[in-house]
Amino acid sequence: MTDEAILAVDGGGTRTRAVVVAPDGRVLARRHAGGSNPYDKADWARTLTDLLRDISPVPLRAATIGLAGYSALRPSSRLQEEVVRDVLGPDVTIMMCSDVEIACIGAFADGPGILALAGTGSVIWAEDRRHPPLRIGGWGFMLGDQGSGYWIGCAALGKVVHFLDTRHPDGAAFAGLILRALDLPVDPELAGEALLEWQRIQDHPRSAIAALAREVSRLADEGCADAVEILERAAGFLASQVQTARARLGQALPWSHSGSVFLSHTVIEAVTRLLGEAPRAPQFSAIGGGAMRAARLAGWKVDGAWLAQLRTGLSCD
C-alpha cells in the first residue's frame, strides 16, 4: 500500500470528476458529482466541498484542481481557491487552473498543441511549452462562444423564429423539425406562443438551448441542408480561432478537440478541411491531464509506464 497520493479534479458546468492516483500511476479512488461552474451553479461550493471531503485513503501530497471559470487573475476565483484549500488543508501542494487547461494537457500528454473545446461553450487553448498558455475565445455566451453548442442551438432557433415571423415556405421544413424536437406544435399560429412558454419554463436556458446542438447534428447526418449550414458555420468559427492561436504563437502546432460539438461528423470534417489537417486523437481526458500535472507537482517521475497505468485506471471510469 502506498503512503501518499495525488489528486486531480476536473470541474465543469455539467459534471465534476475527481481521481486519487498512487506514485506508480494506479487509480486509488474516484468520485463524480454535479457541475461546479460558479457562473452556472449556485451550489458549486457545496458540490466541491462534498466531493473532496475525505476523498483519499492515504495522505495527499499534491493536487491539481481544474475548474470551469477559474483564472488566477480574476478576483472571483479567489473564492474557488478558498473552498478547495479549506477542504484539502495546508499540507497539500495545490495548483489551481482552468478545466480547459488540464483538458489540453491531457489531449497532448503534457506536450505542445492546440485544443479546440466546444461543448455548451467554446474556447481554444494553446500550449507550446515555451510561453504562457494562450487562450482564444472563451468569452461566455454573452460575448462570444461562437461554434459552441449554445451558439448552434441559438442559430437553429433563429431560423425557427425567422420562419414564424416571415412564414416563408422555404423555412417551414426546418422549423417544423426543431419544433417537433422540442415537443412543440408546428402550426405557426400556435408555435410562437408555445416557444415563448418553453423559453420561460427552462431552469437553465443556456443548457436547454445548447442541447439542441445534438438534434442539429442528427439532422445534418440525415442530409438536412439547414442543419449542415449551421454546423459548417460553427466549424468556421472554431477553425478560425485555431488559426488565430497559430498566428499568435508563430508556429503551426497540431490540434486536437474536446466537447460534445465535436461528436458531429459535419463539424469534424469541416474543421479538418479548413485547417488542412486531421486532428490528433486526444491521448487522455481532462482528468488525466490533471493527474499528470499533479504528479509533476509532487516531483514524481511521469514516464511511459506511469501513463500506461493511469490510462488503465481511467478506462474504468
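Author: Asp 183 sits in the loop that joins helix H5 (172–181) to helix H6 (188–201), and what follows describes a predicted model. The backbone of Asp 183 has a phi near 60°, which is a positive value in a residue other than glycine. With a relative accessible area of 70%, Asp 183 is exposed, because the cut-off for that label is over 50%.

Two packed helices are described by the angle between their axes and the distance between the axes. For helix H4 (residues 149–166) and H5, the angle is about 120° and the axes are 9 Å apart. On the H4 side, the contact is made by Ala 156, Leu 157, Lys 159, Val 160 and Phe 163, and on the H5 side by Ala 172, Phe 174, Ala 175, Ile 178 and Leu 179. Sorted by class, the residues in this contact of H4 with H5 are nine nonpolar, no polar and one charged.

The axes of helix H8 (residues 212–221) and helix H9 (residues 225–249) come within 7 Å and cross at roughly 120°, which makes H8 oblique to H9. H8 passes H9 in a left-handed crossing. In this contact, Val 216, Ser 217, Leu 219 and Ala 220 of H8 meet Ala 227, Val 228, Ile 230 and Leu 231 of H9. By class, the contact of H8 with H9 holds seven nonpolar residues, one polar residue and no charged ones.

Gly 276 and Ala 239 are 37 residues apart in sequence, while their C-alpha atoms are 10.0 Å apart in space. Gly 276 belongs to the loop between helix H10 (265–275) and helix H11 (286–297), and at 67% relative accessibility it counts as exposed.

Two other residues carry a positive phi. Arg 129, although it is not a glycine, has a phi of about 70°, and its place is the loop between strand S7 (122–127) and strand S8 (134–137). Arg 129 is partly exposed, at a relative accessible area of 43%. Asp 54, which follows helix H1 (residues 44–52), has a positive phi near 55°.

If neighbours within four places in sequence are left aside, Glu 127 is in contact with Glu 101, Cys 104, Pro 112, Gly 113, Pro 133 and Leu 253.

H1, the helix that Asp 54 follows, has a set of buried residues, namely Trp 44, Thr 47, Leu 48, Thr 49, Leu 51 and Leu 52. Their cover includes strand S1 (5–11), strand S2 (15–21), strand S3 (27–34), strand S4 and helix H2 (77–88). Within S3, one can find His 32, which is partly exposed with a relative accessible area of 42%. His 32 and Ala 18 are 14 residues apart in sequence and 6.5 Å apart in space, C-alpha to C-alpha.

Within S4 (residues 60–67), one can find Ala 62, which counts as buried at 0% relative accessibility. Not counting residues up to four places away in sequence, Ala 62 touches Ala 5, Ile 6, Leu 7, Val 92, Thr 93, Ala 294, Leu 297 and Ala 298. Ile 6 and Ala 62 are 56 residues apart in sequence, with C-alpha atoms 5.0 Å apart in space.

For the annotation, an unreviewed UniProt entry places the feature "domain: ATPase BadF/BadG/BcrA/BcrD type" at residues 9–280. In the model, the end C-alpha atoms of residues 9–280 lie 24 Å apart, and the span is 46% helix and 19% strand.

Note on methods:
Residues are numbered from 1 along each chain as its sequence is written. This is a predicted model: local features need pLDDT of at least 70, side-chain atom pairs count only at pLDDT 80 or more; totals for chains, interfaces and linings use all residues. Side-chain values use heavy atoms; hydrogens and water are left out. Axes are lines fitted to C-alpha atoms, for helices over the stretch in contact, and angles run from 0 to 180 degrees between N-to-C directions. Helices (H or I, at least four residues) and strands (E, at least two) are DSSP runs, numbered from the N terminus. Angles under 35 degrees count as roughly parallel, over 145 as roughly antiparallel, 65 to 115 as roughly perpendicular and the rest as oblique. A crossing is left-handed if the near helix is turned anticlockwise from the far one by less than a right angle, and right-handed if clockwise. Contact means heavy atoms within 4.5 Å. Ala, Val, Leu, Ile, Met, Phe, Trp, Tyr, Cys and Pro count as nonpolar, Asp, Glu, Lys and Arg as charged, and the others, Gly among them, as polar. UniProt positions are given in the numbering used here, feature names are shortened, and annotations may be inferred rather than shown by experiment. Buried means under 20% relative accessible area, exposed over 50%, partly exposed in between (1.4 Å probe, protein chains only).
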